[in-house]
Amino acid sequence: MKGLTDLLTITIIVAIIIYNTIIVVRFFTPEAIRDYDVVTKAYWDILPFKDTGERFSLGVIFMKPKPEGTIFDWTECHLETYEWFFPLGGKELIFLLAPKGPIPDPKKTRAFLFGPDEGVMLDKGTWHYPPFTPSGVTPTLMPRYGHLAEVTGSVTEAFGIKYDTPLTIYRKGALHALNTKYYGKGFGGEYNIRLV
């Protein structure tokens, strides 16, 4: 029990070295993230590609477990952005994925377990629910590459297009994959996958 207590009281510190730059982020204690499924602490705009308008960003997110019987009633896909997920600390993640298409096909949705010592790259247009863990909180590195832009409000203009960026989903000032489709509860359509 002491080990668990110690784990819950430590402050997580992440140091990342990128192109001779050290980015140090000090995160809060694990208790502070207990009320959220996915906690995004930072996205750094690492490399803008001036000729294409594309960007490479790096995020640190904390993933949590889902109880047996959870119903996943929505999913998303990023049409112009690749995403990678690398669980840290020798941990694993579970991903619900469906193939590209105009809408996700629940019959083709599959769960994948990956890690430790490996990550996953999502192709543009892959339907997915944010990954979750088999147990415990897992810090995860999340690089992204593609058409990413800073959210300016409930509508964000980027790449000559106005995107709906409701602040219930997007964070103002954060770098996001704007050309994202959502499907399921609250977004239109029906999507129900049960965790067994």
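This report looks at one threonine and at some aromatic rings in a predicted model.

Residues are numbered from 1 along each chain as its sequence is written, and side-chain values use heavy atoms, with hydrogens and water left out. Because the model is predicted, local features need pLDDT of at least 70 and side-chain atom pairs count only at pLDDT 80 or more, while totals for chains, interfaces and linings use all residues.

Let's start with Thr156. You'll find Thr156 in strand E14, residues 155–158 (strands are DSSP runs of at least two residues, numbered from the N terminus). Thr156 has 1% relative accessibility, so it counts as buried (buried is under 20% relative accessible area, exposed over 50%, partly exposed in between, with a 1.4 Å probe and protein chains only). Leaving aside neighbours within four places in sequence, its contacts (heavy atoms within 4.5 Å) include Glu150, Tyr163 and Leu178.

Now for the rings. The structure holds 11 aromatic pairs; rings of Phe, Tyr and Trp (its six-membered ring) pair if their centres lie within 6.5 Å, and planes under 30 degrees apart count as stacked, over 60 as edge-to-face and the rest as tilted. Here are two of the pairs:

| Pair | Type | Centre to centre | Angle between planes |
|---|---|---|---|
| Tyr82 and Trp84 | tilted | 6.4 Å | 40° |
| Phe95 and Phe114 | stacked | 5.9 Å | 20° |

Phe95 sits in strand E8 (residues 93–98) and Phe114 in strand E9 (residues 110–114), so their pair ties together parts 19 residues apart in sequence. Phe95 is buried at 1% relative accessibility, and Phe114 is buried at 6%. Tyr82, at 24%, is partly exposed, and Trp84 is partly exposed at 22%.

Definitions and conventions
Helices (H or I, at least four residues) and strands (E, at least two) are DSSP runs, numbered from the N terminus.
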